[in-house]
Amino acid sequence: MRQQVLVLYLASSALDSDVVGWSRYDGTGRTRPTTGDGDEPPYSTALAALQDGWRLFQASQLLPPQPGHEYDVSFPKHEFFFEKLEEGAHP
């Protein structure tokens with residue numbers, strides 16, 4: 001079994017909110033996705049990824065901003081990791 005990993009960044013913590021960023025990694029060796037290789041996300045929402053068979057295995061913690069830092073810009077806060085396990089020959 002080989003693992004495929006999908007990372008989705010959402011507009012909010014709700015799984016049905018819009019995908020605003022993404023990364024894919026393919027441990028099967030069948031594809032070689034790279035950052036910025038498409039203008040459209042692989043799914044419009046995390047819920048759509050779940051419905052297509054991806055398994056959610058990690059979500060970022062929801063942490064409130066510290067006083068005085070409510071408007072700081074940083075990394076995307078709503079990060080979700082998904083996986084699919086597939087049979088595949090390793091290159």
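This is a predicted model: local features need pLDDT of at least 70, side-chain atom pairs count only at pLDDT 80 or more; totals for chains, interfaces and linings use all residues.
Residues are numbered from 1 along each chain as its sequence is written, and side-chain values use heavy atoms, with hydrogens and water left out. Local features need pLDDT of at least 70 and side-chain atom pairs count only at pLDDT 80 or more, while totals for chains, interfaces and linings use all residues.

An open sheet is formed by 4 strands in the order 2-1-4-3, with antiparallel pairing (strands are DSSP runs of E of at least two residues, and helices runs of H or I of at least four, numbered from the N terminus; two strands pair if DSSP finds at least two bridges between them). Strand 2 (19-26) and strand 3 are the edge strands, each pairing on one side only. Between strand 1 (residues 2-10) and strand 2 there are 7 bridges, and Gln4 stands opposite Asp26 in strand 2.

How many aromatic pairs are there? The count is 1 aromatic pair, where rings of Phe, Tyr and Trp (its six-membered ring) pair if their centres lie within 6.5 Å, and planes under 30 degrees apart are stacked, over 60 edge-to-face and the rest tilted. The ring centres of Phe57 and Phe81 are 6.1 Å apart with planes at 55°, so this pair is tilted. Phe57 belongs to strand 3 and Phe81 to strand 4 (residues 79-86), so the pair ties together parts 24 residues apart in sequence.

Asp52 sits in the loop between helix 1 (46-51) and strand 3 (55-59). Beyond its neighbours within four places in sequence, Asp52 is in contact with Tyr43 and Lys84 (heavy atoms within 4.5 Å). The C-alpha atoms of Asp52 and Lys84 are separated by 9.9 Å.
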